[in-house]
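This report is meant for a reader meeting the structure for the first time. It goes through selected side-chain pairs, strands and helices in turn.

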Amino acid sequence: MKNVLVFGAGLVARPLVRYLLDHGYRVTVASRTLSKARSLTNGHPYGEAVQFDITQHQAKLHDLVAQANLAVSLLPYIYHVQVAKACIGHQCPLVTTSYVSDEMQGLDRSAREAGVILLNEMGLDPGIDHMSAMRIIDRVHDSGGEIKGFRSFCGGLPAPEANDNPLGYKFSWSPRGVVLAGRNDARYLENGRIVDVPNERLFARHYVTWVEGLGDFEAYPNRDALPYIDRYGIPETDTMYRGTLRNLGWCDTMLKLNQLGYFSLEEQADLPNKTFRLVMAELIKERLGDRGYAQDKRHPTDDLRVALARHLNLAPTSGVMMTLGWLGLMEDEPVSENTTLLDVLADQMLEKMAYREDERDMVILAHEFEATYADRQASISSTLIDFGIPEGDTAMARTVGTPAAVGARMVLEGEINLTGVHIPVVPEIYEPVLDELERLGFDFEERVV
């Protein structure tokens, strides 16, 4: 019986582990928190949970990999290369759901020489987005057409009935990861013109887009889209845009949080000793009252609220100010034990924006293509909408964990027979994986106009 080694037992791991166990593989889950690993294997006769911390157990990393037929890394992306090097040394294939870093790409030759595949970007975004886009792009090219425009949007959001807070968001994966993504710069091609978006303007470059059956959403650019012109094989395109979807109201608030400095990773040893109110007063450099921050015995946050609105050039009664108040960022309550503003913000957002047990999340993946043929033009859309299961797997876990599990199984069974560093943009990978995902109920709705 073949053994799959899974590093990490986070929010997206359960569908992956269950799929592999159901297909008759022995699955070893290695996690820093043993209880989380045990909850995933859940007493299954083919499951094993082991305690493992990649920052401390270097020898154990190699011992675990040496016993595996394939490894899956669901660890933070900064550890993937470390796992990949161990996999190359033991001729063990690897699957991840993360973007390929330059350092990971640099292992391509070593992986080929070792005869193993390092299959990355096998989640939702990146992952299903690549595969579903490439199926249509290759179909257009095979029919003699060209892709003149491509836009892709993805978002993990509360289902409409669970959308009950001012930010229109709840956490189905790492809160820190969500906030960290707000630090990225972005770049895209629009009608032949390259548009560079610095981090401080990321959320200012949003626009409203319509999703059939669901309504309006905010879209803002996601990282650097230009490399995907080559990766998707569409040098003829005039537009290449990859964006993130959020409910209305998200971008304006995140823009102001960034301006305030709440995305900072600078260590502040004394931060845990402060209140949100004092932090905000310091951020806007406002000294109010004898103790250095606003104090009105009847309405203790009013002075600070007015000063903050003035600092952000907003009306005190604006939607953004109401949201900042709802988050508790002007209250006389202690911040979390973390020592960076970004982590304090992530902790507070999770406190306010967690899913309740009876709620479900939603994933939206939408592609828009402008195709040109010798005798016609066509607008093609492809949309995947998936909902989580209350008290079961989230849509985010299903759409990230399942393609990684399918890819792992297909590597083990020889359906994917490649070596080196890969992402799922070639038919040898995306065709069988998409077929299996569709069999499992992940349905893409295509429209051609």
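Glu438 forms a salt bridge with Arg135, and the closest N and O atoms of the pair are 3.0 Å apart; a salt bridge here is a side-chain nitrogen of Lys or Arg within 4 Å of a carboxyl oxygen of Asp or Glu. Because Glu438 lies in helix H16 (residues 427-439) and Arg135 in helix H7, the pair ties together parts that are 303 residues apart in sequence. Helices (H or I, at least four residues) and strands (E, at least two) are DSSP runs, numbered from the N terminus. Glu438 counts as partly exposed at 33% relative accessibility, whereas Arg135 is buried, with a relative accessible area of 16%; buried means under 20% relative accessible area, exposed over 50%, and partly exposed in between (1.4 Å probe, protein chains only).

Helix H7, in which Arg135 lies, covers residues 128-142. The side chain of Arg135 also makes a polar contact with the side chain of Glu431 (2.9 Å), where a polar contact is a pair of N or O atoms within 3.5 Å; within protein, one must be able to donate a hydrogen and the other to accept it, and residues adjacent in sequence count only if both atoms are side-chain atoms. Leaving aside neighbours within four places in sequence, Arg135 is in contact (heavy atoms within 4.5 Å) with Tyr430, Glu431, Leu434, Asp435 and Glu438.

## How the model is read

This is a predicted model, in which local features need pLDDT of at least 70 and side-chain atom pairs count only at pLDDT 80 or more, while totals for chains, interfaces and linings use all residues. Residues are numbered from 1 along each chain as its sequence is written, and side-chain values use heavy atoms, with hydrogens and water left out.

## Other salt bridges

The structure holds 28 salt bridges. In one of them, the side chains of Arg242 and Asp129 meet at 3.2 Å, N to O; since Arg242 lies in strand S12 (residues 239-246) and Asp129 in helix H7, this pair ties together parts that are 113 residues apart in sequence. Arg242 is buried, with a relative accessible area of 4%, and Asp129 is buried as well, with a relative accessible area of 1%.

Glu190 forms a salt bridge with Arg151, with the closest N and O atoms 2.4 Å apart. Glu190 lies in strand S8 (residues 186-190) and Arg151 in strand S7, so the pair ties together parts that are 39 residues apart in sequence. Glu190 is partly exposed, with a relative accessible area of 21%, whereas Arg151 counts as buried at 18% relative accessibility. Elsewhere, salt bridges that share partners join Arg409, Glu413, Glu415, Glu436 and Arg439 into one network.

## Antiparallel strands around S13

Strand S13 (residues 361-372) is mostly covered, with nine of its 12 residues buried. S13 pairs in the antiparallel sense with strand S7 (residues 146-158) over 12 bridges, two strands being paired if DSSP finds at least two bridges between them. Strand S14 (residues 377-387) is joined to S13 by 11 bridges, and these two run antiparallel; S13 and S14 form a hairpin with four residues between them.

His367 can be followed to both of these neighbouring strands. His367 in S13 stands opposite Ser152, and in S14 the bridge partner of His367 is Ser382.

## A parallel sheet and its helices

An open sheet of seven strands has the order S3-S2-S1-S4-S5-S6-S15, with parallel pairing. Strand S3 (47-51) and strand S15 (420-422) stand at the edges, each with a single partner strand, so one side of each is left without a neighbour in the sheet. The twist averages 20° from one strand to the next; axes are lines fitted to C-alpha atoms, for helices over the stretch in contact, and angles run from 0 to 180 degrees between N-to-C directions.

Within this sheet, strand S4 (residues 70-73) and strand S5 (residues 94-96) pair in the parallel sense over three bridges, and Ala71 stands opposite Leu94 in S5. Helix H15 (residues 395-412) packs on the sheet, touching S1, S4, S5 and strand S6 (117-119), and its direction makes about 165° with that of S4. Helix H3 (residues 58-66) lies across strand S1 (3-7), strand S2 (26-31) and S3, running at about 150° to S1.
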